[in-house]
Amino acid sequence: MKIKLCAFVAISVLSGCATRPADIKPTLVSSSVYAGKSCSQLEAELYRTSSDLVPIMAVQHRTARHDVDGVFWLGLPVGSMMDNTDIKAREATIGELKGNMDAINAARRKGGCVAGTL
């Protein structure tokens with residue numbers, strides 16, 4: 001009984017942890033959204049999206065790191081507990097931005113704008 005209770009508490013605590021940004025999957029966005037744009041327009045859109053993505057990923061990374069440390073030392077996901085924003089909404093935003101990055105890069109490849117991707 002004691003082991004089952006400890007396992008339940010551990011699972012409950014860990015399920016409250018923030019997801020690492022690298023583990024958040026991109027939301028599917030069609031590259032047709034960016035069809036007809038010039039290479040310079042796609043480059044500007046890529047820069048803007050990347051500029052939006054980098055800081056939000058840094059916050060998510062910090063929250064997830066604090067969760068891991070908190071669970072290790074205190075048994076509590078302190079990063080998620082101290083974060084006053086909706087973590088699931090932030091994770092969804094990261095997924096959307098990653099999806100947009102993928103779609104922009106696909107449009108750039110289709111348009112012959114670049115050999116690689118950012």
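Which two residues form a disulfide, and how far apart are their sulfur atoms? The partners are C39 and C113, with 2.1 Å between the sulfur atoms (a disulfide is a pair of cysteine sulfur atoms within 2.5 Å). This pair ties together distant parts of the chain, 74 residues apart: C39 sits in helix 2, and C113 in the segment after helix 4. Helices here are DSSP runs of H or I with at least four residues, numbered from the N terminus. The torsion about the S-S bond is about -85°, so the disulfide is left-handed.

A quick word on the model: it is predicted, so local features need pLDDT of at least 70 and side-chain atom pairs count only at pLDDT 80 or more, while totals for chains, interfaces and linings use all residues. Residues are numbered from 1 along each chain as its sequence is written, and side-chain values use heavy atoms, leaving out hydrogens and water.

Next comes the inside. The largest nonpolar core has 12 residues, among them I24, Y34, L53 and M101. Such a core is a set of buried Ala, Val, Leu, Ile, Met, Phe, Trp, Tyr and Cys residues joined through side-chain atoms within 4.5 Å, where buried means under 20% relative accessible area, exposed over 50% and partly exposed in between, using a 1.4 Å probe and protein chains only. Helix 2 (39–73) and helix 4 each give two or more residues to this core, and helix 4 gives the most, with 6.

Helix 4 (residues 87–110) also holds R90. With 9% relative accessibility, R90 counts as buried, and its side chain makes a polar contact of 2.6 Å with that of Q60. A polar contact is a pair of N or O atoms within 3.5 Å; within protein, one must be able to donate a hydrogen and the other to accept it, and residues adjacent in sequence count only if both atoms are side-chain atoms.
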